[in-house]
Amino acid sequence: MKPWGELDDPRRRILIQGLAAGFFSSAGNAAAQLFGRAPGKLPAGQSIYRVSGRVTVNSQEATLQTRIVSGDTVETAPNAEVVFAVAEDAFLLRGGSRMVIEKPPSGLTSALRLVTGKILSVFGRGRPTRIITATSTIGIRGTGVYTETDPEQTYFCTCYGVAEVTANNDPSSKETVVATHHDKPLYILAKGKKGESIRRAPFINHTDQELALIETLVGRTPPFVFPMDTYNAPRRDYP
């Protein structure tokens, strides 16, 4: 995992600094020069805000014109990245990732299956959602979260909101997280002792400015905004 705050794409670094400095005012003009336009709510019919590197939707290479809807599979090559929205939810999918936006039966909980990789997500308040990984099932509603997963463990940060976290191979390992600002990141292990498959984790690999960006794409703001780009750690220490 890349240490927190280490941004390997210089365009992404400039965008984040722009978000922090002017929150889409004069800094938004710099972002527009880099990405085509300043961040704002996506127009009706548009799903993708930014695509960098090779990204596919249902095995077809994605462009800014590609629509993404429930039932689709989105994949990113190493070092690629895509920022997009589906209805009231928005996502930043990092390189080397594969996610499936499962289409639920009418009236039932929707689900996002992260097969592998890293994703920052914000969800609308309209309906409950589950995030499913190889090691965890997480129930959320109206929440901002960051997830990384591989076959051995899942990293999960409730950036704000409420999440019900359960280890897939150890249902006795359950935890409810109520967070206002990255209060309790967790590791969910594939092979942990019974009742101990969920452990505390550090704060890594995502920023408040990125949360602000993807919330903006669906016409919202996060419950916190740091106006200075000097923010480089959560407000509390983690073991």
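This is a predicted model: local features need pLDDT of at least 70, side-chain atom pairs count only at pLDDT 80 or more; totals for chains, interfaces and linings use all residues.

Me: Which residues line the second largest pocket, then?

Reply: There are 16 of them, and Pro-43, Gln-46, Ala-85, Val-86 and Ala-87 lie nearest the centre. The second largest pocket has a volume of about 220 Å³. Its lining divides into ten nonpolar, three polar and three charged residues.

Me: What makes something a cavity rather than a pocket?

Reply: In a cavity a 1.4 Å probe fits but cannot get out, whereas a pocket is open. Three cavities of 30 Å³ or more turn up here. The largest cavity holds about 110 Å³ of space. Of its 13 lining residues, Asp-89, Phe-91, Ile-101, Ser-110 and Arg-127 are the closest to the centre. S6, strand S7 (98-102) and S8 each give two or more residues to that lining, and S8 gives the most, with three. By class, the lining has seven nonpolar, three polar and three charged residues.

Me: Why is the pair Phe-91 and Phe-123 called edge-to-face?

Reply: Two values settle that, out of a count of four aromatic pairs. The ring centres of Phe-91 and Phe-123 are 5.8 Å apart and the planes stand at 80 degrees, so the pair is edge-to-face: centres within 6.5 Å make a pair, and planes over 60 degrees apart give that name. Phe-91 sits in strand S6 (residues 89-93) and Phe-123 in the loop between strand S8 (110-122) and S9, so the pair ties together parts 32 residues apart in sequence. Both Phe-91 and Phe-123 are buried. Ring pairs also link Phe-84, Phe-91 and Phe-123 into a cluster.

Me: How do you know that Ser-121 is buried?

Reply: Its relative accessibility is 0%, and buried means under 20%, so Ser-121 counts as buried. Ser-121 is in strand S8. Leaving out residues up to four places away in sequence, Ser-121 touches Ala-90, Phe-91, Leu-112, Thr-143, Gly-144, Val-145 and Ile-214. The C-alpha atoms of Ser-121 and Glu-215 are 8.9 Å apart, although 94 residues separate them along the chain.

Me: What makes helix H3 (residues 208-217) "mostly covered"?

Reply: Ten of its ten residues are buried. Among them are Asp-208, Glu-210, Leu-213 and Leu-217. After H3 comes Gly-219, with a positive phi near 80 degrees.

Me: And Thr-135: is that residue buried or exposed?

Reply: Buried, because its relative accessible area is 1% and the cut-off is under 20%. Thr-135 lies in the loop between strand S9 (129-132) and strand S10 (136-149).

Me: What does the side chain of Thr-135 make a polar contact with?

Reply: The side chain of Thr-154, at 2.7 Å. Polar contacts need N or O atoms within 3.5 Å, so that pair passes at 2.7 Å. Beyond four places in sequence, the residues Thr-135 touches include Asp-150, Pro-151, Thr-166, Asn-168, Ile-188 and Ala-190.

Me: How many helices and strands does the protein chain have?

Reply: Three helices and 14 strands. Of the chain's 239 residues, 53% count as buried. Among contacts with a separation of 6 or more, 47% are between residues 24 or more positions apart.

How values were computed. Residues are numbered from 1 along each chain as its sequence is written. Side-chain values use heavy atoms; hydrogens and water are left out. Helices (H or I, at least four residues) and strands (E, at least two) are DSSP runs, numbered from the N terminus. Buried means under 20% relative accessible area, exposed over 50%, partly exposed in between (1.4 Å probe, protein chains only). A polar contact is a pair of N or O atoms within 3.5 Å; within protein, one must be able to donate a hydrogen and the other to accept it, and residues adjacent in sequence count only if both atoms are side-chain atoms. Contact means heavy atoms within 4.5 Å. On a 1 Å grid over the protein atoms alone, a cavity is a set of points where a 1.4 Å probe fits but cannot get out, and a pocket is an open set with protein on both sides within 12 Å along at least five of seven lines; lining residues have an atom within 4 Å of a point. Grid points are joined across faces, edges and corners, and a volume is the space filled by probe spheres set on the points. Ala, Val, Leu, Ile, Met, Phe, Trp, Tyr, Cys and Pro count as nonpolar, Asp, Glu, Lys and Arg as charged, and the others, Gly among them, as polar. Rings of Phe, Tyr and Trp (its six-membered ring) pair if their centres lie within 6.5 Å; planes under 30 degrees apart count as stacked, over 60 as edge-to-face and the rest as tilted.
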